[in-house]
Amino acid sequence: MILGVWIINKAGGLVFQRDFTTGSNVVPALAKLSTNDYLVLAGTFHGIHAITSRISPMARSTGIEVLETDTFTATCHQTPTGIKIVLFTDPNQANNEALMRRVYDLYADYVMKNPFYTPEMPVRCELFDVHLFKLVQTVNPAATQA
Amino acid sequence: MAKPLKTLGEDVWRTKVEKVNGELFALTYGSIVTQLCRDFNNNYAKVNTQLDKMGYNMGTRLIEEFLARSQLGRCRDFRDTAETVAKVAFKMFLNISPTVTNVAPDAKAFSLIFDENPLAEFVELPESARRRAVGSTAGPVENGDAMASAPAQAPLWFSNVLCGVVRGALEMVQLQVDARWVSDVLLGDECSEMRVTLIKVLEDEVPAGED
């Protein structure tokens, strides 16, 4: 089940955030936070990501990739351009990497190729929302946008 | 990195990208260039600059498509970048694989030789657009002010948009480069050669964990 998606720009700013309900009582949705809290969390995550790559005993660590708790898993993918996509799923969700790839594909298609989207700015692209939601529905069929 | 780049490029081109009619593409690009020529009164230096800018804006966006579809990580060095641009990027977007040659001894510059160019398939440049500045074989400098010196003599680098694309895309992965045409078959040269020179790696912008 996909619980949420964040996109963090190069500077650590949260440019996209969506939560999804699962339609299942077994897997509840993520807690709803205020807009400001999301921004703070994303900025913090950006910082922690940078720290994790610095403290690595081996050079060239990619930084944090997966954050696991007993109630959810956050998978982070940083592209060579410096954008981070964070995917929140329930702990039993498999193939997070493949899902992540799909989200990145959608981002490349419906965000970056939209000529009126300004890079680094908040993502307000309806087509991206629509297609992301379709992707979510393939994983949680009863999903709604939270 | 198991697959050779050539195979990867072919696979991506075959299975992951949308195709459009090549003639529609060539005619669209042709009409853009001719419209620019009209708008700028056949001041080809300005047209070249404009094409480069347009390409730059495309490159800064196309890079995400490239990374998403190819699933490639960071290149090891600039030589690796050259091969990737030629064998994966150009293959994926234009179905061509220019040849990488003339790699500088310090591997900070390379040339791409284009045996075919879908942009220029039907193009014959008018005489005025073929005229070259005396004693200069290199293309005009892409940024505005430097070219004021010899505007009338600059030839039209018809496919200058490609230089911009390469520059824009590489800048987004923190490689600041200069990309320009050195020769073009449309101008009567033996081959079409694009020279790409690394200016610097934008260290400050390299994301954490990628340096």
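**A loop asparagine in chain B**

Author: B:N95 is partly exposed, with a relative accessible area of 30%, where buried means under 20%, exposed over 50% and partly exposed in between, using a 1.4 Å probe and the protein chains only. This is a predicted model, in which local features need a pLDDT of at least 70 and side-chain atom pairs count only at pLDDT 80 or more, while totals for chains, interfaces and linings use all residues. Residues are numbered from 1 along each chain as its sequence is written, chains are lettered from A and ligands numbered from 1 in the order in which they are written, and side-chain values use heavy atoms, with hydrogens and water left out.

B:N95 sits in the loop that runs between α4 (78-94) and β1 (99-101) of chain B, helices being DSSP runs of H or I with at least four residues and strands runs of E with at least two, numbered from the N terminus. Although B:N95 is not a glycine, its phi is positive, near 55°.

B:N41 is exposed, its relative accessible area being 70%, whereas B:N95 is partly exposed at 30%.

Of the 211 residues in chain B, 51% count as buried. If one takes the contacts of chain B (heavy atoms within 4.5 Å) between residues at least 6 apart in sequence, 65% of them join residues at least 24 apart. The accessible surface of chain B amounts to about 10500 Å², with 53% of that area belonging to carbon and sulfur atoms; such areas come from the Shrake-Rupley method with a 1.4 Å probe, and for residues only the protein chains shown count as cover.

On confidence, the values at hand concern chain A, whose pLDDT (the predictor's confidence in each residue, from 0 to 100) averages 92, with 99% of the residues scoring at least 70. Within chain A, the lowest confidence falls in strand β6 (residues 144-145), at a mean of 79, and the highest in strand β5 (residues 84-89), at 96.
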